[in-house]
Amino acid sequence: MPGPAEKRRVLIVVRTYPTPATSGVEVSCTAAITEKREWMRLYPIPWRFLTPDKRFRKYQWIEASVRRATNDARPESFRLDVDSITIITKPMPTDNNWEARKRFILPLRAQSLCDLQKKRDADGFPTLGFVRPKQITRLTIKPTRPTWTSGELAKLRQENLFQKAPTEELEKVPFDFVYNFVCEHSACGGHEMKCTDWEMGESWRRWRDKYGEKKWEAKFRQRYENEMSLRNDTHFYVGTVHQHPGSWIVVGLFYPRKATATTTLF
């Protein structure tokens with residue numbers, strides 16, 4: 001049985017590129033942090049279907065009614081009532097090199113991804129975290145199926161009587177964006193993790209349209225490989241995959257400038 005509903009005030013820090021869903025047409029994985037600095041995974045959130053007054057942005061505080069998930073064993077997972085969303089604040093500013101965001105987020109940084117993995121394997125917790133890669137070695141862009149499957153299209157085109165559909169059908173990003181990196185653990189042998197941050201998917205769409213099919217990649221790599229590695233103090237929001245609880249992916253990026261940024265890019 002579902003647990004009791006409770007009002008929670010949380011800071012939104014992650015929104016992934018949407019995927020087709022049986023319930024909600026399309027949903028975006030959303031991660032948040034409570035006032036007590038506890039992790040929460042909120043679902044199902046059909047962000048593009050939300051009314052303007054509920055369409056929150058990253059680094060905004062919101063209040064909403066949530067219940068602990070019953071079909072997701074990950075302890076940070078909560079089901080959110082989208083009708084209960086109230087946006088409390090404007091997004092935290094990026095002034096002074098993201099100072100307000102860093103003040104709240106950086107205390108949550110784990111020692112390393114290897115440490116997070118070991119703790120999750122031993123205790124089943126945590127399944128969300130925040131880490132700084134010691135070195136990003138490369139960004140791999142892997143082609144995937146260019147179009148939705150018939151089953152995915154059926155989900156996207158199902159009728160929703162209670163929410164107005166977006167004017168444009170969700171576009172499939174025909175690539176996986178995969179970071180190869182070494183974490184801070186002394187015995188780390190390296191990690192290879194897909195990144196599902198909405199920002200990356202939207203950058204691909206925007207730069208594909210602006211620069212064309214053959215030229216978007218140079219701009220994309222400059223931003224998400226070169227700058228993330230050399231100019232920015234890049235951190236990863238990471239989470240486990242529902243169907244594969246031992247697997248981790250990068251669900252969001254956090255990237256203030258380094259104190260002394262390298263100016264020569266790859």
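**Figure 1. Surroundings of Val 251.** Leaving out residues up to four places away in sequence, Val 251 touches Val 14, Thr 16, Thr 196, Asp 197, Tyr 237, Val 238 and Gly 239, a contact being heavy atoms within 4.5 Å. The model is predicted: local features need pLDDT of at least 70, side-chain atom pairs count only at pLDDT 80 or more, and totals for chains, interfaces and linings use all residues. Residues are numbered from 1 along each chain as its sequence is written, and side-chain values use heavy atoms, with hydrogens and water left out. Val 251 belongs to strand β14; helices (H or I, at least four residues) and strands (E, at least two) are DSSP runs, numbered from the N terminus. With 6% relative accessibility, Val 251 counts as buried, where buried means under 20% relative accessible area, exposed over 50%, and partly exposed in between (1.4 Å probe, protein chains only). The C-alpha atoms of Val 251 and Val 13 lie 9.9 Å apart in space, although 238 residues separate the two in sequence.

**Figure 2. The two sides of helix α2.** Helix α2 spans residues 113–123, and its buried residues are Leu 113, Cys 114, Leu 116 and Arg 120. Viewed down the axis of α2, these buried residues fall within an arc of 160 degrees and so line one face of the helix; the arc is that of the directions from the helix axis to the C-beta atoms. Lys 118, Ala 122 and Asp 123 are exposed on the other side of α2. The cover over the buried residues of α2 includes β9 (128–131), β11 (175–182), β12 (191–195), β13 (235–241) and β14 (244–254).

**Figure 3. The ends of helix α2.** Just after α2, Gly 124 adopts a positive phi of about 75 degrees.

**Figure 4. Lys 102, a buried residue with no salt bridge.** Lys 102 is located in helix α1 (residues 95–105). Lys 102 is buried but forms no salt bridge, and the nearest side chain of opposite charge, Glu 99, is 4.5 Å away. Here Lys and Arg count as positive and Asp and Glu as negative, while His and the chain ends are not counted; a salt bridge is a side-chain nitrogen of Lys or Arg within 4 Å of a carboxyl oxygen of Asp or Glu. Apart from neighbours within four places in sequence, Lys 102 is in contact with Asn 97, Pro 107, Phe 254 and Pro 256.

Figure 5. The structure holds 22 salt bridges. One of them joins Arg 132 to Asp 233, with the closest N and O atoms 3.3 Å apart. This pair links distant parts of the chain: Arg 132 lies in the loop between β9 and β10 (135–143), and Asp 233 in the loop between α5 (216–231) and β13, 101 residues apart. Lys 194 and Asp 176 also meet through their side chains in a salt bridge (3.3 Å, N to O). Of this pair, Lys 194 is in strand β12 and Asp 176 in strand β11, 18 residues apart. Lys 194 is partly exposed, with a relative accessible area of 34%, and Asp 176, at 23% relative accessibility, also counts as partly exposed.

Figure 6. The side chains of Arg 221 and Glu 217 form a salt bridge (2.8 Å, N to O). Because they are four residues apart in helix α5, Arg 221 and Glu 217 are separated by about one helical turn.
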